Amino acid sequence: MDTVPLEIRRKVLIRGVNWVGDAIMVTPALRQLRHWFAGSHITLLVRPWVAAVYENNPDIDELWVEDDSASMRAFFAVARRIRNERFDFGIALTNSFRSAALLAMGQVKHRVGFARGWRSFMLTRAVELDDEILNVHQVYYYLRLIEWLRDENVEAPRLVLETNDRRRAEAEAIFSEKRISPRRMLIGIAPGSINSTAKRWLTERFAKLADRFQGETGAEVLLLGSEKESAVLAEVEKHCASTVHNLSGSVDLAQLIAVMERLDLFIGNDSGAMHVAAALGVPCVSIFGPTEFNTTYPFSISSKIVRSNVDCSPCMMRTCPIDHRCMTRVSVDEV
């Protein structure tokens, strides 16, 4: 039985998540909502640094790009924008108090979110969590927020990430500028991670890996990462005996997606780029150390994870207080 009457979901607002990987892992839930709310107008509110994930998403009608975290003034401005639109139904995908407060202050009639962060009083439906959902992949975690809407099975989840011809042309221009031959095998290596140094495999081992691929396959090796990861990519490039193409800081997220669409193989740490590869169907090898691989592995049949089974992993620490054994024990041969 449908728990939310049709008349109160004509206009739907979804407060999106804040990390690239999470933004991709939530796309199966967006697809399911689109299927169930076929006649609704769905607006997705996200912060600027993840907006490119949804630039071409077919399951939303409107994309709002706002940084409500910039200041209290920005927060109240976004709440006012929401209030002016008079949304019938809203979902706070993040667990933060702030996201529930936005929906409440925006006077969204029916407000849904997980019962976390001392915010249940601001929601009209606070969805409870149990140990089972906390220990499955995050794709299913986000689907839990909406599965109560219908008394029917949720479709088999599939990640959704699309680019467009303009972005593909920009990728071609990048290949030309960097003298990358797209006719050769293209291998992307992402050695960074923005929010944790503990998630990073050793830079000199990434370099040895790049050299082996060059020597054994003649592939073009692309180092992928944001400007914030430029120091890590520079370190890998310094250790390489072969020529690699360092794209750090020269492509934005939308262009990175178009570049990665062309890859034959992706190798990297547990990061947003890993989830981009999974969503694009690029064969993906991911190196896991301190993070919980069961809940965040690349959600794709074309992916493998490599990890060392050490007693202190997963610790979820962002910096390693001991000898970083979860990463140092992963060899180039294993990867």
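Helices (H or I, at least four residues) and strands (E, at least two) are DSSP runs, numbered from the N terminus. Welcome to a predicted model, in which local features need pLDDT of at least 70, side-chain atom pairs count only at pLDDT 80 or more, and totals for chains, interfaces and linings use all residues. Residues are numbered from 1 along each chain as its sequence is written, and side-chain values use heavy atoms, with hydrogens and water left out.

**Backbone features in loops**

- Most residues other than glycine have a negative phi, and most peptide bonds are trans.
- Arg179 sits in the loop between helix H7 (165-177) and strand S7 (186-190), and its phi is positive, near 55°.
- The loop between strand S12 (303-307) and helix H13 (325-328) holds Pro314, and the peptide bond from Ser313 to Pro314 is cis, with omega near 5°.
- His324 is also in the loop between S12 and H13, and has a positive phi near 55°.
- His324 is buried, at 18% relative accessible area, where buried means under 20%.

**Helix H10**

- Among the buried residues of H10 are Leu253, Leu256, Ile257 and Met260.
- Their cover includes helix H1 (20-25), H7, strand S8 (220-223), strand S10 (265-269) and helix H11 (272-280).
- At the start of H10, the backbone nitrogen of Ala254 has a side-chain oxygen of Asp252 within 3.2 Å.

Notes: Buried < 20%, exposed > 50% of the residue type's maximum accessible area, 1.4 Å probe, protein only. Contact = heavy atoms within 4.5 Å. Polar contact = N/O pair within 3.5 Å; in protein donor to acceptor, adjacent residues only side chain to side chain.
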